[in-house]
Amino acid sequence: MLLQEATPEVYKGFIGIAGLIRKGPLDHRLQELIKIRASQLNGCAFCVDIHIGDARRQGEPEDRIHHLTVWRKSHLYDEAERAALAYTEAVTRREPVTDAMWDTLREHFPDDRELGDLVALVSLINALNLFGVPLDLRPRVRD
């Protein structure tokens, strides 16, 4: 079952929110890293596949995509990306977002809209993963 076929209005709402975030100030490459990392943690192969393709189209280098699962040990991410990825992992794993984590996010994302979009994006991708995983969505088969 595809969500867009079963309940097109709901699907359209989710996609509409994604479009609003995409138009905002949050860096597009960072948006894709967030979506990939949350999808990896949630085990959503469909979303991982889609967002890796989107990241490549945004110009994300292959080594950064490959290092995403070990981003804490990699030198390829800047401090703002690290703050965003740490927040993404905490929320995705349903762990507490500490004051220190929030302060670090605020330091790197002082613009309220940008930070709001980051928070919304993490929530949105987790919600979409909660459709993809139980519906057993799979990446398209490639030749």
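Before you click on anything, one term: a polar contact is a pair of N or O atoms within 3.5 Å; within protein, one must be able to donate a hydrogen and the other to accept it, and residues adjacent in sequence count only if both atoms are side-chain atoms. You're looking at a predicted model, where local features need pLDDT of at least 70, side-chain atom pairs count only at pLDDT 80 or more, and totals for chains, interfaces and linings use all residues. Residues are numbered from 1 along each chain as its sequence is written, and side-chain values use heavy atoms, with hydrogens and water left out.

**Stop 1: Asn126.** Select Asn126, which sits in helix H8. (Helices are DSSP runs of H or I, at least four residues, and strands are runs of E, at least two, numbered from the N terminus.) Its side chain reaches the backbone oxygen of Val122 at 2.8 Å. Asn126 also has a side-chain polar contact of 3.1 Å with Thr92. Is Asn126 buried or exposed? Asn126 counts as buried because its relative accessibility is 7%; buried means under 20% relative accessible area, exposed over 50%, and partly exposed in between (1.4 Å probe, protein chains only).

**Stop 2: the rest of H8.** Now select residues 112-132, the whole of H8. The end C-alpha atoms of H8 are 30 Å apart, which agrees with the 30 Å that its 21 residues should span at 1.5 Å a residue; the expected span is 1.5 Å times one less than the number of residues. Show Asp111 too: it caps the N-terminal end of H8, with a side-chain oxygen 3.3 Å from the backbone nitrogen of Arg113. Buried residues of H8 include Leu115, Leu118 and Leu121. Among the elements covering the buried residues of H8 are H6 (79-92) and H7 (99-108).

**Stop 3: the core.** Color Ile34, Leu105, Phe109 and Leu118: these have the most contacts inside the largest nonpolar core, which has 19 residues. A nonpolar core is a set of buried Ala, Val, Leu, Ile, Met, Phe, Trp, Tyr and Cys residues joined through side-chain atoms within 4.5 Å. H2, H3, H6, H7 and H8 each give two or more residues to this core. Apart from it lies another core of 11 residues, including Leu33 and Trp71.

**Stop 4: Asp27.** Last, hop to the loop between H2 (8-23) and H3 (28-42), where you'll find Asp27. Asp27 is partly exposed, at 42% relative accessible area. A polar atom of its side chain lies 2.9 Å from the backbone nitrogen of Leu30.

Definitions and conventions. Contact = heavy atoms within 4.5 Å.
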